[in-house]
Amino acid sequence: MATACDMRKNVQGHPCFGGNHNKNGRIHLAVAPRCNIKCGYCTRRHDCANESRPGVTSKILTPREALARVREVKESPVLGPIIKVVGIAGPGDPLANEETFETFRLVGNEFPDLMLCMSTNGLLLPEKIDFLHNLGLHSLTVTLNTLDPEVGARIYGHILYHGRRYTGVEAARILIANQLAGIERAARHGMTIKVNTVLIPGINDDQVPLIGSKVRELGAFVMNIMPLIPQADLAHIVPPSPEALETIRTANEKIIGQFKHCRQCRADAVGLIGRDVKLAEAV
Ligand code: SF4
């Protein structure tokens, strides 16, 4: 029987998944402003803290404006040849915004060669994953900070789920169950999956190896352990030192591949990772 690894889509050309990130670029489309959960380290004044560079606020595009931006980039002599991936990573949670699906539909129809990529907190993943598969989603990032609802209750303020607001352990239990079910189903569809974990010293350190083992078993490809940026409800926590982060990543490497070149791209990034360009300069 084919395993999730055997079925995984080809990552050649995807700069975040082992494709040459010095040669292959991506464009992020900021079409998703709303979010359906409250992470303790998020202020919501800026782009989603699970994925984006701190302190950056992207301008929201409509799906039609997003398509126009992709056209512009593909026509650019500088960017056109290098852009291989179209991603939606916020500035809120892509799955809490219908505009995400419309944007993927428009871009996928006109540019079938571009890989579609998305980042999510995972709350709505089980109910949306088949639809995303049908839209041609290639790769997926899910932020998963704990497997333990008691720990989750210390990280998440609330979730908004099917018209209800949940808090505490109950909220975390729903969120974690959906994140895991979503990852498993995405892997069955052959998607390439990265799991982001925000390392919050004193809260989820012990969870990191457990998360690594679990998501590997479910079919994730790589894990990205990110240092906490102390703000909002978790402003009092001292973030991990670069050395502590490196130690944890090295230990975790024995469990699942570690993603170390993440630059926490903004939700409207375009170009090569770490070398974004202003669109006006490139077209
Ligand atoms: S998922 Fe992202 S935007 Fe939503 S609360 Fe968490 S960090 Fe903020």
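Predicted model: local features only at pLDDT ≥ 70, side-chain atom pairs only at ≥ 80, totals over all residues.
Figure 1. Strand β6, residues 156-161, runs antiparallel to β7 and is joined to it by four bridges. The loop between β6 and β7 holds H162. The phi angle of H162 is near 50 degrees, a positive value in a residue other than glycine. Most residues other than glycine have a negative phi. H162 has 9 C-beta neighbours inside 10 Å and therefore counts as exposed.

**Figure 2. The shell around the ligand.** Which residues surround the ligand? The shell consists of C35, I37, K38, C39, C42, R44, C48, A49, N50, G92, D93 and N121. By type, these residues divide into six nonpolar, three polar and three charged.

Figure 3. The peptide bond from G90 to P91 is cis, with omega near 15 degrees. Most peptide bonds are trans. P91 has its place in the loop between β3 and α3, the latter spanning residues 98-110.

**Figure 4. Strand β8 and its two partners.** Strand β8 covers residues 192-199. Is this strand enclosed or open to the outside? Eight of its eight residues are buried, so β8 is largely enclosed by the rest of the structure. In a regular strand the side chains alternate between the two faces of the sheet. Both faces of β8 are covered: one side carries T192, K194, N196 and V198, and the other carries I193, V195, T197 and L199, all of them buried. Strand β5 (residues 137-143) pairs with β8 in the parallel sense over five bridges. Strand β9 (residues 222-227) also runs parallel to β8, and six bridges join the two. K194 of β8 is the bridge partner of T141, and K194 also stands opposite V222 in β9.

**Figure 5. T62, in the loop between β2 and α2.** T62 is found in the loop that leads from β2 to α2, a helix of residues 63-75. With 12 C-beta neighbours inside 10 Å, T62 counts as exposed, because the limit for that class is 12 or fewer. T62 and E99 are 37 residues apart along the chain, and their C-alpha atoms are separated by 7.1 Å.

**Figure 6. G80, in the loop between α2 and β3.** The loop between α2 and β3 (83-88) contains G80. Apart from neighbours within four places in sequence, G80 is in contact with V73, K74 and E75. The C-alpha atoms of G80 and V70, which are ten residues apart along the chain, are separated by 9.2 Å. G80 has 13 C-beta neighbours inside 10 Å and so counts as partly exposed.

**Figure 7. A232, in the loop between β9 and α8.** A232 has its place in the loop between β9 and helix α8, residues 242-252. Its phi is near 50 degrees, a positive value in a residue other than glycine. There are 16 other C-beta atoms within 10 Å of A232, which is therefore partly exposed.

Figure 8. The protein has nine helices and eleven strands. Of its 283 residues, 46% count as buried. Among contacts with a separation of 6 or more, 76% are between residues 24 or more positions apart. The mean pLDDT of the protein is 87, and 83% of the residues reach 70 or more. Over residues 1-6 the pLDDT is below 50, and beyond near neighbours in sequence this stretch has four contacts in the model.

Technical notes
Residues numbered from 1 in each chain as written. Pairing = 2+ DSSP bridges. Near = placed C-beta within 6 Å. Nonpolar A, V, L, I, M, F, W, Y, C, P; charged D, E, K, R; others polar. Buried ≥ 20, exposed ≤ 12 C-beta atoms within 10 Å, placed from the backbone. Contact = placed C-beta atoms within 7 Å. pLDDT = per-residue confidence, 0-100.
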